[in-house]
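This briefing concerns the chain shown below. It is arranged by topic for a reader working from the coordinates.

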Amino acid sequence: MVDHVYKGAVPELRRSLQRLRKEFSQLDPRTDWVRLRVDPVLKHAVALERLVTSRRFAPEFARLRRGVGLFHSDLVYLKTNVQGLTALLESERKRRPR
């Protein structure tokens, strides 16, 4: 369960962050959200994805049931940031003069 959900969700969230990075860079927001929030969270997602797809940890996932809460907290952290950044992006788009 952990293996399938975690390995599928982290790359999806990484792609969402990359899309948000691109969309924020096309705007000229008052706050540089790319450097302040997108880049650090994206770096975290890339590091997690690299770890879970490495050969070193591939056989470990079956034995990591006790750490499910830790894996879940990573996903909650990434999802919350993607949702918050998406809301900020919409706010910046509305504020942008046409």
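Leaving aside neighbours within four places in sequence, glutamate 23 is in contact with Leu89 and Arg93. The model is a predicted one, and in it glutamate 23 belongs to helix H1. With a relative accessible area of 18%, glutamate 23 counts as buried because that value is under 20%.

**Salt bridges around glutamate 23**

- Arginine 19 forms a salt bridge with glutamate 23, and their closest N and O atoms are 3.3 Å apart.
- Both arginine 19 and glutamate 23 lie in helix H1 (residues 2–26), where four residues, about one turn of the helix, separate them.
- An α-helix has 3.6 residues a turn, so residues three or four places apart point the same way.
- A network of salt bridges links Arg19, Glu23, Glu90 and Arg93.

- Glutamate 90 and arginine 93 are joined through their side chains by a salt bridge, at 3.0 Å from N to O.
- These two residues, glutamate 90 and arginine 93, both lie in helix H3 (residues 68–95), three residues apart, or about one turn of the helix.
- Glutamate 90 is partly exposed, its relative accessible area being 36%, and arginine 93 is also partly exposed, at 35% relative accessibility.
- A salt bridge also connects arginine 95 with glutamate 92, with 3.6 Å between the closest N and O atoms.
- Arginine 95 and glutamate 92 are three residues apart in helix H3, which means that about one helical turn separates them.
- By the rule applied here, the count comes to six salt bridges, among them the pair formed by arginine 95 and glutamate 92.

- Glutamate 92 is found in helix H3 and is buried, with a relative accessible area of 9%.
- Not counting residues up to four places away in sequence, glutamate 92 touches Phe24, Leu27, Pro29, Arg30 and Trp33.
- One of these contacts of glutamate 92, Trp33, is also listed among the buried residues of helix H2.

**Helix H2**

- Helix H2 (residues 33–52) has 20 residues, and the distance from its first C-alpha to its last is 27 Å, close to the 28 Å expected at 1.5 Å a residue.
- A kink of about 30° is located in H2 at aspartate 39, shortly before proline 40.
- The buried residues of H2 are Trp33, Val34, Val38, Val41, Leu42, Ala45, Leu48, Glu49 and Val52.

**The chain as a whole**

- The chain contains three helices and zero strands, in the pattern α-α-α when read along the sequence.
- Of its 98 residues, 35% count as buried.
- Among contacts between residues at least 6 apart in sequence, 83% join residues at least 24 apart.
- The accessible surface of the chain comes to about 7,000 Å², and carbon and sulfur atoms account for 53% of that area.

How values were computed. Residues are numbered from 1 along each chain as its sequence is written. This is a predicted model: local features need pLDDT of at least 70, side-chain atom pairs count only at pLDDT 80 or more; totals for chains, interfaces and linings use all residues. Side-chain values use heavy atoms; hydrogens and water are left out. The expected span of a helix is 1.5 Å times one less than its number of residues. The bend at a residue is the angle between axes fitted to the seven residues ending there and the seven starting there. Buried means under 20% relative accessible area, exposed over 50%, partly exposed in between (1.4 Å probe, protein chains only). A salt bridge is a side-chain nitrogen of Lys or Arg within 4 Å of a carboxyl oxygen of Asp or Glu. Contact means heavy atoms within 4.5 Å. Accessible areas come from the Shrake-Rupley method with a 1.4 Å probe; for residues, only the protein chains shown count as cover.
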